[in-house]
Each structure stands twice: as structure tokens, then as C-alpha cells.
Amino acid sequence: MVFPSHPYIIAQQDTLIYRVHNFGNYDEEIPATIRFRNNYWDIMTSTVQRKGHYDYYYTFTPTREELVILQFWTNLQNDAIRINDTFPVHPIYIFPKYTTYGEDFDFTTLSSAGWSVFNLDGDGGTWAIYTHYASSPYIHSGWYTAGCYRDTAGNNDWLISPAINVSAGAVNSFGFYARALTEDSLEVWILSQPNPDSVIEMVFAKRLTGLYTRYTFSLDKFRGQTAYVGFRMVGPGNGYVFVDDYFVRQVPLTENRVLWEEFEEGLIPPGWSEIFGSGLWLGGTPSEAGVPDNGTGALIYFNSSAPAGSYSGFVSPEFRVNSQSGCISYKFNYYNYDGNDSVQIYYRINGSDWIYHGTITTTNGAWGTIIGGPVYLPQNKAICDIQFSLLAFSDRGGSNIAVDNFEVVDGTLLDVTEPAAKPEIKILESRGGIGLRVDNLKKGVNVQVYDAMGRKVRELNLDKSGEYVIGDLPRGIYFVSISCDVKKGKRVIVVK
Ligand SMILES: [Ca+2]
Ligand SMILES: [Ca+2]
Ligand SMILES: [Ca+2]
Ligand SMILES: [Ca+2]
């Protein structure tokens with residue numbers, strides 16, 4: 001088998017070559033079977049001449065991020081050596097759409113691919129490429145993986161990636177699969193130079209188990225800079241840590257976009273994450289989501305069959321904006337056929353508390369477009385780090401909520417004029433209740449309080465600035481929704 005187009009990336013056409021050799025003394029017609037994922041094809045090669053070979057080309061265009069199983073075998077009845085007729089099971093990894101660097105560690109050495117290794121503990125064990133063999137199937141894809149062997153006296157071994165030019169004109173992220181032999185610790189750092197002395201930030205520190213797990217991280221706080229990713233094996237080890245199928249993904253940004261996501265991976269996209277819930281936001285095709293095809297491929301959806309009141313946040317990368325306009329706006333495709341399930345839209349600036357910006361419910365049987373904003377940025381800060389969150393609530397109904405083509409722009413998407421002094425509502429914890437302080441109010445606001453089960457427990461309309469207390473609430477966690485765009489407020493409240 002020959003892999004001329006690796007790495008394999010969603011939406012890019014790929015080719016595999018199955019090469020049938022005939023080492024015998026006679027020309028042969030050789031029946032063969034190809035396995036791709038769980039599909040099998042019986043093929044008859046044209047005549048394979050004695051001492052010659054025949055190339056069978058298989059072309060495909062990947063549509064989701066996944067491990068694909070390949071296998072190939074011929075079927076000569078009278079062959080004396082059957083074992084060499086089968087190409088062993090060979091998993092290839094399909095990288096995300098817009099992968100600009102995909103490393104399966106299968107056809108290279110670490111140094112020739114631009115990776116550097118620092119064995120700072122000075123023992124014999126460090127990062128290298130390890131192979132798959134029958135008793136040690138430690139690869140994620142192909143036959144090889146990067147790995148680090150322990151030393152019982154302690155480990156401080158770095159594997160540092162090639163340089164990443166974190167583009168100001170792209171949504172930048174990286175990801176990888178990692179596991180331990182049994183249990184061992186791995187750290188992941190962002191570096192400014194290919195050297196362990198130049199650490200900027202630790203993004204990951206975890207005791208890995210023996211299962212390969214996908215981890216992804218945004219690089220959009222480093223837009224316009226050069227970064228390196230450093231994998232560090234730490235602590236006394238039990239065996240190996242392995243890293244395979246590392247990638248850098250850079251989604252191009254056009255016009256005034258500052259964030260863009262198409263959700264083509266069939267998984268949580270690189271750099272995005274889920275908070276509060278687990279496995280309630282899912283990637284997939286429209287049919288997997290149970291929604292009509294909107295014509296733009298895969299999407300992300302919220303499982304509304306979860307117990308009523310279940311909720312989960314779907315969080316964008318934190319992305320750096322050097323705003324020309326002083327405000328941002330957002331837009332996405334949305335589908336929610338029926339029920340009492342809903343999505344609350346939040347954003348935050350420079351790591352502030354989450355700020356509520358609106359609630360969307362059903363779309364009456366058709367895909368709709370949600371447009372929000374403008375969201376004004378702090379006037380004294382030209383560069384801001386921004387993040388969005390979609391907090392969805394389940395009604396245990398059958399109709400899921402689907403989202404696609406999420407975009408944030410620098411500027412406005414609608415011709416909306418906002419008042420100069422923005423309304424501001426501060427939410428305060430108050431014994432047995434929730435306190436509100438309201439300033440700069442020009443038109444009425446509607447305030448709704450939900451309990452942790454998603455039930456609305458209070459609603460009030462405020463028409464002037466001042467202080468208010470929503471009292472007589474049992475102890476617990478409450479969500480506070482406010483109907484207009486306000487500057488700052490703490491939205492998740494614990495009543496004691
Ligand atoms: Ca070492
Ligand atoms: Ca591999
Ligand atoms: Ca899509
Ligand atoms: Ca629904």
C-alpha cells in the first residue's frame with residue numbers, strides 16, 4: 001500500500017495505491033479485496049505480469065475527522081505463502097478541515113520533520129518514534145507514533161513542534177491524541193522559541209491513562225506571533241507516554257471576520273469546548289442531528305432528548321481582536337423545530353464574567369439566521385480577547401437544536417444605533433435572594449430567574465435605574481437572564 005497524499009484532510013481529495021506484486025514465474029489474474037472503513041470491495045486486477053506489479057488506485061474525499069481502517073488482501077488459492085497476501089489493518093487519521101500541518105509520525109523521523117528533543121534529565125530514555133508491533137500496539141494511526149520512555153529516577157523530556165505562524169487572518173488551533181502505557185503525566189506548553197527555556201503558557205497537565213484521547217487548544221490569543229508546542233513528560237514514570245496525529249489548523253478569515261467555524265469535523269471543533277454538560281453538544285451530519293440538511297455539510301447540535309432541565313455550554317475559542325470599529329457582531333444558522341428547549345447566548349471580554357446577550361427558542365420548522373450585536377468593546381482597550389458561549393437547555397423533546405456557520409465580525413451586521421451611555425446591570429449575591437443594581441436605564445428591561453433545573457422561578461420588568469432585591473429564593477444555583485444588551489453582570493448566582 002502506498003500513501004501518496006498523506007496527511008489526509010477533510011474536503012481534500014486523497015489517493016491510496018494498492019500495489020499488487022507478482023513475484024512468480026507466470027502472468028496472473030489476481031482477485032483482491034479492499035477494505036475502507038467498514039466497506040469491502042472485491043476487485044479483479046487486470047493481468048499482473050510475472051515479476052511485475054499492478055497499481056489499483058483508490059481516491060476519496062474525507063468528510064469527517066476520524067480514524068479510518070484500511071485493509072487489502074489477495075486471494076490466490078494455490079499460493080504457498082498466504083500470510084504475505086494480506087496488508088495488515090492500517091488505520092489512517094483524517095485531520096480536521098483547514099489543517100495546515102498534520103503529523104502522523106508514520107513516514108518521517110522527528111528531526112527531519114522539524115521536531116526537537118531535549119532530554120533534560122540526561123538519562124537514556126527520551127522522545128523518539130516508536131513502532132507498532134504485535135505485542136505493543138501503541139500507535140493511534142499507521143505503524144508509528146511519537147513516544148517518550150521513562151526513567152525511574154525522574155523525567156524531564158521535551159518534544160517541541162516545528163514553528164507555527166499564528167496568523168492574524170485565521171482561526172488557529174492545534175490538537176493531538178495522547179495516551180500513556182498505563183498511567184503517566186504529560187504537560188503541554190506554548191513556547192516562543194524551540195527551546196524549553198522560552199515557555200509562555202502551560203495549556204495542559206494531566207495524568208494520562210492507557211486510552212488514546214483527542215485534545216485540542218486554541219492559539220488565537222497569539223495571533224500575529226510565532227509559537228511552538230512543547231510536550232513534556234514529567235515525574236517518575238510507569239512506562240511510556242505517546243503522542244500521535246498532531247495537527248495545526250488554520251481557518252482562513254475573510255473580510256472583517258474575526259471568528260469563523262463550519263463544524264465539518266463531526267466532533268467538537270478544535271479550540272472549541274463544552275462546559276457544564278458532557279456529550280450534550282455533538283458534531284455530526286444533519287441526519288445524525290435529526291434536522292433538515294441546510295446544504296453546508298456537517299454541523300453542531302444539542303441533544304434535546306437529555307432529561308428536562310439538563311444544560312450545557314458550547315464555548316468558542318478565546319480569540320484576539322484588534323478592532324477597527326470598536327464593536328463586534330455575530331451571526332449563525334440555527335434550527336430548533338419545536339419544544340421548550342432553548343439557547344442563551346453569552347460572551348465575555350478579556351476573561352470577564354459571562355455576559356448574557358439573548359435567548360433563542362424555536363424556528364417554526366425551518367433553518368433561521370441569528371444575528372446579534374453590536375457588542376461594544378471597552379473604549380480604552382484596542383486589543384481584546386473575546387469568547388462566545390451557547391448555553392442550551394433540554395426539554396427532553398425529540399427535536400434537537402442545530403447550529404452551523406458561526407461567525408463573528410469586527411463591526412456591525414445590521415444598521416443598529418445604540419445609545420451612547422449603555423445600560424449597566426450588576427447582579428449581587430444577597431442572603432436568601434438576588435440583588436440587582438441598575439444604571440443608565442433608558443428603556444425597560446425584562447429580568448428572568450431560572451433555577452438549576454431550567455425552571456423559571458421569577459420574572460420582573462424594571463423601568464428605571466435603582467436597586468432591587470429578588471427575595472425568598474431557596475438555596476441553590478440560579479441563572480439570571482436580562483432582555484437587553486448590558487455592559488457587565490454576573491449571570492450565574494448562588495443563593496446561600
Ligand atoms: Ca530522559
Ligand atoms: Ca501514527
Ligand atoms: Ca457546516
Ligand atoms: Ca427542540
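**Figure 1. Phe-276 and the loop between β21 and β22.** Phe-276 sits in the loop that runs between β21 and β22 (281-284); strands are DSSP runs of E of at least two residues, helices are runs of H or I of at least four residues, and both are numbered from the N terminus. Although Phe-276 is not a glycine, its phi is positive, at about 75°. Phe-276 counts as partly exposed because it has 15 C-beta neighbours inside 10 Å. A residue is called buried if 20 or more other C-beta atoms lie within 10 Å of its own, exposed if 12 or fewer do, and partly exposed in between, with C-beta atoms placed from the backbone. The model is predicted: local features need pLDDT of at least 70, side-chain atom pairs count only at pLDDT 80 or more, and totals for chains, interfaces and linings use all residues. Residues are numbered from 1 along each chain as its sequence is written, while chains are lettered from A and ligands numbered from 1 in the order in which they are written.

Figure 2. Phe-263 lies in the loop between β20 and β21, and its phi is near 60°, a positive value in a residue other than glycine. Phe-263 is buried because it has 25 C-beta neighbours inside 10 Å. Gly-266 is found in the loop between β20 (257-261) and β21 (273-275). With 22 other C-beta atoms within 10 Å, Gly-266 is buried. Neighbours within four places in sequence aside, the contacts of Gly-266 are Arg-64, Glu-65, Glu-66, Gly-283, Gly-284 and Ala-298; a contact requires C-beta atoms, placed from the backbone, within 7 Å of each other. Asn-75 is 191 residues from Gly-266 along the chain, and their C-alpha atoms are separated by 36 Å.

**Figure 3. Strand β30 and its pairing partners.** Of the 11 residues of β30 (residues 383-393), eight are buried, and the strand is mostly covered. Two strands are said to pair if DSSP finds at least two bridges between them. Strand β27 (residues 342-349) pairs with β30 in the antiparallel sense over eight bridges; Gln-344 has Leu-391 as its bridge partner in β30. Five bridges join β24 (residues 311-315) to β30, again antiparallel, and here Val-315 is bridged to Ser-389 of β30. Strand β25 (residues 319-322) is antiparallel to β30 over four bridges, with Ile-383 of β30 as the bridge partner of Asn-322.

**Figure 4. The open sheet that includes β1 and β4.** Five strands make up this open sheet, in the order β1-β7-β6-β3-β4, with mixed pairing. Its edge strands, β1 (8-9) and β4 (39-44), each pair on one side only. Strand β3 (residues 31-36) runs antiparallel to β4, and the two are paired over six bridges. Pro-31 has Met-44 of β4 as its bridge partner.

**Figure 5. Two cis peptide bonds before proline.** The bond joining His-6 and Pro-7 is cis, with omega about 0°. Pro-7 lies in the segment before β1. The peptide bond from Gly-373 to Pro-374 is also cis, and its omega is near 5°. Pro-374 belongs to strand β29 (residues 368-376).

**Figure 6. Ala-402 and the nonpolar cores.** A nonpolar core is a set of buried Ala, Val, Leu, Ile, Met, Phe, Trp, Tyr and Cys residues joined through C-beta atoms within 7 Å. The largest such core has 63 residues, and those with the most contacts inside it are Val-258, Leu-299, Tyr-301, Ile-328, Ala-392, Ala-402 and Val-403. Apart from this core lies another, of 52 residues, among them Leu-16, Ala-180, Trp-189 and Val-243. Not counting residues up to four places away in sequence, Ala-402 touches Ala-289, Val-291, Leu-299, Tyr-301 and Tyr-335. In soluble globular proteins, nonpolar side chains tend to be buried together.

**Figure 7. Context for the close-ups: the whole chain.** The protein has one helix and 38 strands, and 39% of its 496 residues count as buried. Its C-alpha trace spans about 95 × 55 × 45 Å along the principal axes. Of the contacts between residues at least 6 apart in sequence, 75% join residues at least 24 apart. The domain assignment, which is automatic or from a database, gives domain 1 (8-95), domain 2 (100-252), domain 3 (265-410) and domain 4 (424-495). Between domain 3 and domain 4, the C-alpha centres lie 23 Å apart.

Conventions. Contact = placed C-beta atoms within 7 Å.
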